[in-house]
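Me: I have a model on screen and want to know what backs each label. Take me through the terms one by one.

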Amino acid sequence: MVAITVKNLLKTCIHTLWKLVQLLCFIVIVPPLINYASLKREAPLLGQHGLPYDIGYGQKLFLRCRGRGLPTVILDAPTGMNSDIWLPLQESLKQITTVCIYDRAGLGMSDPPPPPPPSSSSTTEQKSDDKEKKIPKHRGMDYTVEKMSEDLNRLITATSQQAKPFILVGNDLGAIVTRFYTQMYEFDVSHLFLIDPLVETLFDNEQWKDHWYNKIIPRLHAMQLSAAVGINRLLVLTSMIDTPLGIEKSNNIEDDTININHRQKHLLCDASHISSSIREHFHMNETFSQMKLAWRMKAFPSNVSVTIINRRQYDKNLSNDLNKAWDESQEYLRTQLFRNQAQHRIIDSTDKYFIFNKPDLLETLIEDSINKWREQTKAA
């Protein structure tokens, strides 16, 4: 009797263990597969509000241009974010001029940078020559400002051929990209707007460097892992996670083609997009070094006017020390780098995403710059 009881207990334990293994396999395998299939199905539908342009290297970047007229306004997004953050402002400004938004490499609807070309180990000299023709050499390190500004130049001049001059508007990392672009291609640009710009001296403050590499990046790594295993999709479906950007249906926005809310949910579930965001953050030190070098080697062009725009407080969730260090970097940019030649505007907001939530705060400033350029052109 005891032997039968032990045997039945053993069978029950084995059966329970097998069920647990099946459940574990289901949790580990099924959500990632469902997420992967969903991403593949959603991506073509959510990128229909713009076009992919081939910039070479077998890489395509997403670009959306609306409106007509000169100058052409180019909007560049913050670190790790796609161009959705500019859509409300683009919809407002397209009434008076051409306005373009784009996704940097690997973000949103743009392709990630291609892998580096293989080392030439062809058996014959002819094959080696053929490979060199097919595989162009890289210029600049991926996910750094040098490569980003080159990508932008290829996108808006060589491939989509936007009319010049440009008014460049950059926020956060986008501000460094537009600054570097202006340094390299000075005759393309008439005015530069730097909104809460990252400044290359920011990491001279060890607290900021520690915050960036030991708090922001690990948080993004956790988000990437959660997206890869399908957890983020479950959280999105159950409304347990919020998207950074969201908009209510409006007659002013083409909801049927823009789909901001759906695309933001899609990107939260896309480990590749989050990976590119991590790389932009990770290579920030190199980006700062490249910006310092460019500034030392070449004076900022005198033909380009500059407006620096700051919020009343950078981030209310950060410590006073970090906010103070940020303010000091902004003062350095205005007084030491631009030597008080740039216009400075304070926006009465502490909203990190005010360029999305309150685009009217920027609209008037950019309109004034457009009208000023047009008046100078007529006078000439």
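Me: What makes both faces of β3 count as covered?

Reply: First, the basis. This is a predicted model: local features need pLDDT of at least 70, side-chain atom pairs count only at pLDDT 80 or more, and totals for chains, interfaces and linings use all residues. Residues are numbered from 1 along each chain as its sequence is written, and side-chain values use heavy atoms, with hydrogens and water left out. Now the faces. T72, I74 and D76 on one side are buried, and so are V73 and L75 on the other. Buried means under 20% relative accessible area, exposed means over 50%, and partly exposed lies in between (1.4 Å probe, protein chains only).

Me: Why is strand β3 called largely enclosed?

Reply: Five of its five residues, 72–76, are buried, so the rest of the structure largely encloses β3. The strand itself is a DSSP run of E, at least two residues; helices are runs of H or I, at least four, and both are numbered from the N terminus.

Me: How do you know that β3 pairs with β5 (residues 166–171)?

Reply: Two strands pair if DSSP finds at least two bridges between them. β3 and β5 have five bridges, in the parallel sense. In that pair, L75 is bridged to V169.

Me: What makes β3 and β4 (residues 99–102) a pair?

Reply: Three bridges, again parallel. Here the partner of L75 is I101. From β3 the chain passes through helix α2 (residues 87–93) to β4, a right-handed β-α-β crossover. Right-handed means that, with the strands pointing away from the viewer, the path from the first strand over the helix to the second runs clockwise.

Me: Which strands are called edge strands, and why?

Reply: The open sheet has eight strands in the order β1-β2-β4-β3-β5-β6-β7-β8, with mixed pairing. β1 (51–56) and β8 (343–347) each pair on one side only, and they are the edges. Neighbouring strands are turned by 25° against each other on average, direction ignored.

Me: How is helix α12 (residues 320–337) placed on the sheet?

Reply: Helix α12 lies across β6 (189–195), β7 (305–311) and β8, at about 160° to β7. Such angles run from 0 to 180 degrees between N-to-C directions, with axes fitted to C-alpha atoms, for helices over the stretch in contact. Helix α4 (residues 145–159) lies across β1, β2 (59–66), β3, β4 and β5, at about 110° to β1.

Me: What is in the largest nonpolar core?

Reply: The core has 53 residues; L194, L198, W208, W212, V306 and F338 touch the most other members. A nonpolar core is a set of buried Ala, Val, Leu, Ile, Met, Phe, Trp, Tyr and Cys residues joined through side-chain atoms within 4.5 Å.

Me: What sets Y143 apart in its phi?

Reply: Y143 is not a glycine, yet its phi is positive, about 65°. Most residues other than glycine have a negative phi. Y143 sits in the loop between α3 (125–134) and α4. Its relative accessible area is 7%, so Y143 counts as buried. D172 also has a positive phi of about 65° without being a glycine. At 11% relative accessibility, D172 is buried.

Me: Which peptide bonds are called cis?

Reply: The bond from L70 to P71 is cis, with omega near -5°. The bond joining K164 and P165 is cis too, with omega about 5°. P71 is in the loop between β2 and β3, and P165 in the loop between α4 and β5.

Technical notes
Contact means heavy atoms within 4.5 Å.
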